[in-house]
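Hi everyone, thanks for making the time. Have a look at the chain on the screen, and then I'll walk you through a few parts of it.

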Amino acid sequence: MQRRRTRLLLVEDDASVRTFLQKFLEIHDFEVATAETSDEALDLIEQFKPEAAIVDLLLAQGNGREVVVSMPRDVPVIIFSGLPMESAELDRLRPRTRLIVKPFSLVLLVETIEQMLRETGRTRREEARVQ
């Protein structure tokens, strides 16, 4: 028996932040797909079928807001941004969205993802059979 890893989409245009967060999340047993632009993220929503997402609103190419509203409504989304007003508006427009203001705590990030997954019944602690 092996734990099933939660598929998480990480959208961040800063390569060093994206790489660090990807490694950190993989250490915490997430399967992570990354996108640098909104177009890449929109493609990954269809291909990767994420169970949760972390999205930076300010991207060099595209807009994180478009990614947030394109996510299936039952998928938890964490917005990390230095723009709390923009993020608060998205939280009202889309359920299952939370804001973490930059700079952010990595522990808080993982705890928030896990809490949101529990709230939606997408627990990470389910066991899956390896065939």
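So, where is the place of aspartate 29? Aspartate 29 sits in the loop between α1 (15-27) and β3 (30-35). Helices here are DSSP runs of H or I with at least four residues, strands are runs of E with at least two, and both are numbered from the N terminus.

Before I go on, some ground rules. This is a predicted model, where local features need pLDDT of at least 70 and side-chain atom pairs count only at pLDDT 80 or more, while totals for chains, interfaces and linings use all residues. Residues are numbered from 1 along each chain as its sequence is written, and side-chain values use heavy atoms, with hydrogens and water left out.

Back to aspartate 29: its phi is near 70 degrees, a positive value in a residue other than glycine. Lysine 49 also has a positive phi, about 50 degrees, and isn't a glycine. You'll find lysine 49 in the loop between α2 (38-48) and β4. Lysine 49 is partly exposed, at a relative accessible area of 47%; buried means under 20%, exposed over 50%, and partly exposed in between, using a 1.4 Å probe and protein chains only.

Now α1 itself. In α1, Arg18, Leu21, Phe24 and Leu25 are buried. Looking down the axis, the buried residues fall within an arc of 135 degrees, so they line one face of the helix. That arc is taken from the directions from the helix axis to the C-beta atoms. What do they pack against? The partners are β2, β3, β4, β5 and α5 (106-119), with contact meaning heavy atoms within 4.5 Å. On the face turned away from the buried side, α1 carries the exposed residues Ser16, Lys23 and Ile27.

Next, β4. Five of the five residues of this strand (residues 52-56) are buried, so β4 is largely enclosed by the rest of the structure. In a regular strand, side chains alternate between the two faces of the sheet. Here both faces are covered: Ala52, Ile54 and Asp56 on one side, Ala53 and Val55 on the other.

And the neighbours? Strand β2 (residues 6-11) runs parallel to β4, joined by four bridges; strands count as paired if DSSP finds at least two bridges between them. Leucine 9 has alanine 53 as its bridge partner in β4. β4 also pairs with strand β5 (residues 77-81), again parallel, over four bridges, and there aspartate 56 stands opposite phenylalanine 80.
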